Amino acid sequence: LVKQVPNLTFSKTNFTGYNIEIRGIGTQAISVTTDPAVAVAFNDAPFLRNHVFEQEFFDVSQVEVLRGPQGTLYGRNATAGVVNVTSAKPTDQFEAMASADLGNYHNRRFEGMINLPIVDDRVDIRLAGEWTKRQGYSFNDLTDSRIDGRNLWSGRVTIGWKPSPKLQTYLVWEHFSEDDDRMRSAKQLCHTDPLPDYIDGAKTPAPGIPNNQTSNEGGYFSQGCQMASLYSQDSFQVPNGFSLPYVSAGLYAGILKIGANPYASAVQSPNLRVIETSLDPSYKVKNDLVEFNADYDITPQLTFTSQTGYNQDFLWSSEDYNRFNTQPGIFAPYQGVFGQYDSRSVDYGLLSPDGVYCDPQLGCSDRLVAQDLSTEHSWQASQEIRVSSHFDGPFNFSAGGNYMHYETEENYYVFINALTAFS
């Protein structure tokens, strides 16, 4: 669509959301609880939370982009416009189609459709589905595995029922499922921001060493990363680890070794598709959509339309929050608060004498591990009725109303084993 439609842009946000812009108008908010400026509709029924942008197009009649505002017909969430996906409808003729795509990275894509006339032109059924699986284009050098692959499938059942010449109904059920290692954000570039030796003539505190055992003041004078050209080798460095608040907390608690930089590598691979993370990403989605649409011709010039929709969506996504290789042996089992011996972590069985910490969320590791977890569960029910005219003269009208109920629960978590040990 971006290549075919002028002034249409699309971007995927870090927190599992997306942003469609038409003529520069969209929604920059990362939360799914924010109303979108571009509505996404399926068979003319708007759905606030969907995964149309992640699944493959299959057995589609047409995709139309309506420039906004389109609030008169699509509600308040269409300030910039509407992207409306129309699925293919059953017909009274037998049809079937199948296709297969094979490629490198073990790419496999299969699509199929079959249209079955059951009772003359009164009852017709159309079944369609699609499955895509491939290896990831990115590589995790730390776990020696390919990531950012795809393993997703979609299925759709459409039943057309025409009990009388004046009434046509369609019942649509579509299911989408994904379970793979899709990445929510790609390689992170950084030019290390070093600590200045002096500030206003005063020597800066040494990084990684708590001042008077109360804080890591040396790390406060660095932003972690500083500006650099995207085409410079300096952009493939790592952040200044001592500038991170959770590193300061670990140093203060005595969980991390004093003066130890949490990052193992000073530079990253210049290959944009090679990263070093302790955790491989995981991406799980399930989406079910049900529609029942009916058109009744009151007269040859007046049509009554009813659209009923229901959508249920679930998402669970995890990836490495650090995004950089971390140093092994970072934990200090015999060093407690204020730098003194503290056996609690060892006695509780969380931190072994050889410096391996067993986090209840992240498992056992001698490295600093951080997990970025995003979860979402929502459902939507909607009902719309309208009466529209088809007069031959200059006057026509459309009158109706709609009701929508939408609920969502959205959570973002960051689990850091050093902070869990501290707490």
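R23 is partly exposed, with a relative accessible area of 47%; the term covers values between buried (under 20%) and exposed (over 50%), with a 1.4 Å probe and protein chains only. This is a predicted model: local features need pLDDT of at least 70, side-chain atom pairs count only at pLDDT 80 or more, and totals for chains, interfaces and linings use all residues. Residues are numbered from 1 along each chain as its sequence is written, and side-chain values use heavy atoms, without hydrogens and water.

- Most residues other than glycine have a negative phi, and most peptide bonds are trans.
- R23 has a positive phi, near 55 degrees.
- R23 lies in the loop between strand 2 (18-22) and strand 3 (38-42); strands (E, at least two residues) and helices (H or I, at least four) are DSSP runs, numbered from the N terminus.
- R323 also has a positive phi, about 70 degrees.
- R323 is buried, at 9% relative accessible area.
- G68 and P69 are joined by a cis peptide bond, with omega about -5 degrees.

- Nine strands form an open sheet in the order 7-8-9-12-13-19-20-23-24, with antiparallel pairing; two strands pair if DSSP finds at least two bridges between them.
- Its edge strands are strand 7 (95-103) and strand 24 (398-416).
- Strand 9 (residues 123-134) pairs with strand 12 (residues 150-164) over 12 bridges.
- K133 stands opposite N151 in strand 12.

**One more residue**
- V290 sits in strand 19.
- V290 is partly exposed, with a relative accessible area of 32%.
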